[in-house]
Amino acid sequence: MMDLRERTQVHYDDYPFIEGGDERVNWWREYLSDFLPDEDINGRLILDVGSSVGEISRGLIDRGARMTCLDLSLNSLRRCRQINEEAEIIHGSALELPFPDESFDHAISIGVLHHTPDCRQGFKE
Ligand SMILES: C[S@@+](CC[C@H](N)C(=O)[O-])C[C@H]1O[C@@H](n2cnc3c(N)ncnc32)[C@H](O)[C@@H]1O
């Protein structure tokens, strides 16, 4: 029997997160500018945990950030690579991040932790 991590991966490989295209990229780009103003992200290294197809990362790259996109779903990451050629793409879990502490200037994770069996662990990571 598959554990939750495997089931989540299979689910998002079968049904990668729906794509909203330029409209969604621009919506998130605008929305996040209140939380992450240009001076805080230009040239900075940002981790997008559960990036899926990378539409949120796309908007941050367009504003000058250097992105690492991490997700459990390989199918989602394949698409992420297509729209984020500049990003580092990592297959991994939010609950066991494969990076030393303090590796990033910022981390974002949107619509992800409630899909994990341990939100606290995800937040701690
Ligand atoms: C609802 S989508 C949100 C995608 C993206 N953050 C966005 O808002 O466009 C949830 C994503 O979280 C990923 N995910 C779920 N559990 C994960 C985990 N433990 N580690 C990494 N990614 C995970 C799924 O594969 C899926 O791509």
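## Helix α4 and its cover

Buried means under 20% relative accessible area, exposed means over 50%, and partly exposed lies in between (1.4 Å probe, protein chains only). By that cut-off, the buried residues of α4 are E55, I56, S57, R58, G59, L60 and I61. The helix is mostly covered, with seven of its eight residues buried. Helices (H or I, at least four residues) and strands (E, at least two) are DSSP runs, numbered from the N terminus. What covers the buried residues of α4 includes helices α2, α3 (38-41) and α5 (74-83). Strands β1 (45-49), β2 and β4 are also among the cover. After α4 comes G64, whose phi is positive, near 105 degrees.

## Basis of the model

This is a predicted model, in which local features need pLDDT of at least 70 and side-chain atom pairs count only at pLDDT 80 or more, while totals for chains, interfaces and linings use all residues. Residues are numbered from 1 along each chain as its sequence is written, and side-chain values use heavy atoms, leaving out hydrogens and water.

## Nonpolar cores

A nonpolar core is a set of buried Ala, Val, Leu, Ile, Met, Phe, Trp, Tyr and Cys residues joined through side-chain atoms within 4.5 Å. The largest one has 14 residues. I41, L60, A65 and M67 have the most contacts inside this core. Helix α2, α4 (55-62) and β2 (66-71) each supply at least two of its residues. The largest share, three residues, comes from α4.

Contact means heavy atoms within 4.5 Å. Leaving aside neighbours within four places in sequence, A65 is in contact with I41, G43, R44, I46 and L60. A second, separate core has seven residues, including L47, L70, L97 and L113. In soluble globular proteins, nonpolar side chains tend to be buried together.

## Aromatic pairs

Rings of Phe, Tyr and Trp (its six-membered ring) pair if their centres lie within 6.5 Å; planes under 30 degrees apart count as stacked, over 60 as edge-to-face and the rest as tilted. The structure holds five such pairs. W27 and W28 form an edge-to-face pair, 5.1 Å centre to centre with 85 degrees between the planes. The rings of W28 and Y31 have centres 5.5 Å apart and planes at 85 degrees, so this pair is edge-to-face too.

W28 and Y31 are three residues apart in helix α2 (residues 21-32), so about one helical turn separates them. W28 is buried, with a relative accessible area of 14%. Y31 is partly exposed, at 38%. Ring pairs link W27, W28, Y31 and F35 into a cluster.

## Ligand site

A residue is near a molecule or strand if one of its heavy atoms lies within 4 Å of it. The ligand is surrounded by 19 residues, the closest being R24, G50, D71, A94 and I110.

A polar contact is a pair of N or O atoms within 3.5 Å; within protein, one must be able to donate a hydrogen and the other to accept it, and residues adjacent in sequence count only if both atoms are side-chain atoms. A polar backbone atom of G50 is 2.8 Å from a nitrogen atom of the ligand. For a polar backbone atom of L72, the distance to a ligand nitrogen is 3.5 Å. S93 places a polar side-chain atom 3.3 Å from a nitrogen atom of the ligand. Taken alone, the ligand exposes 600 Å², and the protein buries 96% of that (Shrake-Rupley method, 1.4 Å probe; for residues, only the protein chains shown count as cover).

## T116 in its loop

T116 lies in the loop between β4 (106-108) and α6 (119-124). T116 is buried, with a relative accessible area of 17%. A polar atom of its side chain lies 2.7 Å from the backbone oxygen of L113. Leaving aside neighbours within four places in sequence, T116 is in contact with L4 and L95.
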